[in-house]
Amino acid sequence: MSEEAVMNAAESVDEEYLFNTADIVLFGVFLAFLVAYYFYKRYQTSTTVTIKPISLQQLKTGIVESGLDVVKRMTESGKQMVVFYGSQTGTAEEFSTRLCKEARYYGIKAMCADPNEYDVDTLANLREVENHLAVFVVATYGEGEPTDNAINLFTFMKNEEVDLHGINFAVFGLGNSTYEYYNKMGKDMDELLEKRGASRISPLGLGDDDGNIEEDFCTWKDEFYTNVCKKYGVSKSEDNLNIRNYQLVEHTEMHKSRVFIGEMGYVGSYTSQRPPYDTKNPYMAPLRVNYNLCSDDSERVVFHCELDISKAKIKYDPGDHIAIYPENNSTLVSKLGERLNTDLDKIISMNSLDEFSTKKHLFPCPTTFRTALTHYVDITTPPRTNVLKELAQYASDENEKEFLNKLASSSVEGKNEYNNWVVKDQRHILQILEDCPSLNPPMDHVVELLPRLQARYYSIASSPKVSPRAIHICAALVSYKTSVGHVREGVCTSWLAKMKPSETDEFSVPVFVRRNQGFRLPRKAVVPIIMVGPGTGLAPFRGFIQQRAALKSEGREVGESLLFFGCRYQTQDYLYKDELQKYSEDGVIKLFEAFSRDTDKKVYVQHIMEENAVLLWDLLEKGAHFYVCGDARYMARDVHQVLLRIIQDFGKMSLKDAETYVISMESSFRYQKDVWS
C-alpha cells in the first residue's frame, strides 16, 4: 500500500472516532445551555416573537425564501420599474444597470434586482404598484439552463398556479448562437410570462454573443423605450444629464485591517480562511505545480496546474468546474493610473447614491483604485457604447468628442464604426484613452462605467479518488495580435502562466468549486462511456478516466470507456500523451487519436468517429453515455451531426427518428456536453 493510501486510511480512522460518548454528552449539555440562555435574553428584551409566515404561493411552488419583498422595496423607494437579471458572467447585470440608468432620462425611477435576493412569489403583487413595469434580462447558461441566480425565478414561473394578470413586462435574452439551445431562457421567460397572464409591452429581444451583442441590446433598448413612451405617456429628456450611480469618498484615516485587498465578500477573508468556500468566499489555494504540456517547438502553450486543497475541506467530483478569480496585468493597471493622473494607492470607497439599493458599493469597499483595477474591474474588455457616450463629455478636443459620440450613436454609420474600431480591433479602455489624448475622465467615473472582472471557469482535470488533496486544471494560454497590432492576452491564463512555484517562490490563487450536475459519469460503473474531447476538451475526461482506473484497481467491474482525442501535431501538442497511452495499454480505455496537421488531409475527431461507427452504435444500443467537451462553434456541431448519421445508418432510422433518439439520450442524461465558444 502506498504512503498516501496509508495516510488517507489513517485520516478516515481518525475522523470515524473523532468524538467519544463523553464528548457527545458534554457537547449536548453545552448546546442546551446556549439555547436556554438565548431564550432567556429574548424574553428579557421582548415578549413578542415575530415569525415570518409562509405564503400559500410559497407552499404551491415549493420555494420558501427569506428574501426581500420586491413590491415593498419599490413602494418604499418610489420605483416604478424593476429589472430582474439572470447573470452568470456579469453581462446581463451590466445591461440591467444600463436600462435602469437610462430610465431616468424618461422620468422613470427604476431598480435592478437580483432574483436571489428577493422572495420571487412577491412578484405576483407587482400590479399593486401604479404604472409599474417588470423587465427580465436573462442569460442562458450551459445547455439551455438558467443562470445560478435565476433558478428560483424560473421554478416560480413554471408553476401553473401563478397568476400574473395585470402585470406589464418585457424580456431581453442573452445567448450564443453556436450553442444548441440558443437563448432558451429568454424565450422561455417571455412565453411563461404570457402564459401566466402578464401583458407584454415590447417584443422579446435576443442578444447573440457570437455576433454583436452590444448592437443587439441597443437595438432592442431603443424599441423598448419607444414602446414605454407610448404605453406610459412619457418622453425622453433632451437635457444632457450626467447621471451617476455612485459617489467617490476618499478616506484620510483608515486602518489597513478594514481595507479590502482583493477579497470578494469579507475583508480579511484571504488571510483568515474559513469554509464554506464559494463566490463570496473563495479559498486561497497554493499553486504547487505549473508546467507546459506542449513541446518547446509548439506554437501553443497549454499548462497543467495543481492547486492544493488539502487544508480547505473542499469536495469535488469528476466533471465539476473550478472557478478562479484572476488579476489584471499590473503594468496595465499602473499605466492607466498614470494616464489619468490618479493616485492609485489612496484609500477610497464608491458608495451608492440610492439609499434603497441592495448594492451599497460598486465593489468591495473601502479599498484603493489599484486594488479595484487589479481585482474588481474589467479593464481589458472593449468598452460598450454607453461607456464611450458618458466619457465623451471629458474630451476637450471637439473632434474627439464628436468621434466618441458617433461611436455611441444608434446610426448605421456609428454602429459600423464602433464595430470596426472598438470590437474588431479589440481596443480596451487604456488604448482608447491613448488614442484620444484630450480625453481625461476622472478615475471614479471610469471604474463606475466598466464591468466587473469575473471569475474564470475551468473543467477539473482530476479525480478525487486519485487526487483528493489537489485539483488539477489544463488550460491553453490565450494570446494573439489584433488587426492593428495590439497584443491581447487572456486575463487569467496569462496571469497563471507567470506563476512558477519553487522552494523560494510561492503563489496562491482564489478559487471555489462549482458543481456541474449536467456532466457526470454514470452512477453504475459498468455502463459504457464514449468521450469526445480534442485539445483542452480532454480536461474533464482525464478526471473520468482516473476515476474509472481507480475503481478498476479496487477490483470493481468497469464498463468499456472510449476516448476520441485530437490535436494538431502528435509530437507537439498531444496533451498527457504518455498517461493516455498507458491507460490504453492497461485496458482502462480504448484510445482513438486524430492529428489534424500531421498529414495533408486534416483529420478531426468526428472523422475517427465515423471510422468506428459500428463500435459506437453497438455501445449506444447497450446504453452507453456519450460526452462531448470543447469547442461549441465547430467541433461540437460536427460531432453531433456524425452522431446523428451513425444512428440513422446503423439504426435504420429517418433523420427525424434519429433526432428523437438523441433527444431521448439527452433527457435521460446519456448525452452530455461541456462546450464553449
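At what angle do helix α20 and helix α21 pack?

## Two helices crossing

Helix α20 (residues 613-621) and helix α21 (residues 635-651) pack at about 80 degrees, with axes 10 Å apart. Axes here are lines fitted to C-alpha atoms, for helices over the stretch in contact, and angles run from 0 to 180 degrees between N-to-C directions. That makes α20 and α21 roughly perpendicular (a label for 65 to 115 degrees).

Looking at contacts (heavy atoms within 4.5 Å), A613, V614, L616, W617 and L620 of α20 meet L643, I646, I647, F650 and G651 of α21. Nine of these residues are nonpolar, one is polar and none is charged, with Gly counted as polar.

## About the model

This is a predicted model, where local features need pLDDT of at least 70 and side-chain atom pairs pLDDT 80 or more, while totals for chains, interfaces and linings use all residues. Numbering starts from 1 along each chain as its sequence is written, and side-chain values use heavy atoms, leaving out hydrogens and water.

## Helix α7

Helix α7 covers residues 184-195. Helices are DSSP runs of H or I with at least four residues, and strands are E runs of at least two. Buried residues (under 20% relative accessible area, 1.4 Å probe, protein chains only) in α7 are M185, G186, D188, M189, D190, L192 and L193. Their cover includes β3, β4, α6, β5 and β6. After α7 comes G197, with a positive phi near 100 degrees.

Three strands line up as β8-β12-β13, with antiparallel pairing (pairing takes at least two DSSP bridges). β8 and β13 each have a single partner strand, so one side of each lacks a neighbour in the sheet. I347 has T368 in β13 as its bridge partner.

Conventions. Angles under 35 degrees count as roughly parallel, over 145 as roughly antiparallel, 65 to 115 as roughly perpendicular and the rest as oblique. The expected span of a helix is 1.5 Å times one less than its number of residues. Buried means under 20% relative accessible area, exposed over 50%, partly exposed in between (1.4 Å probe, protein chains only).
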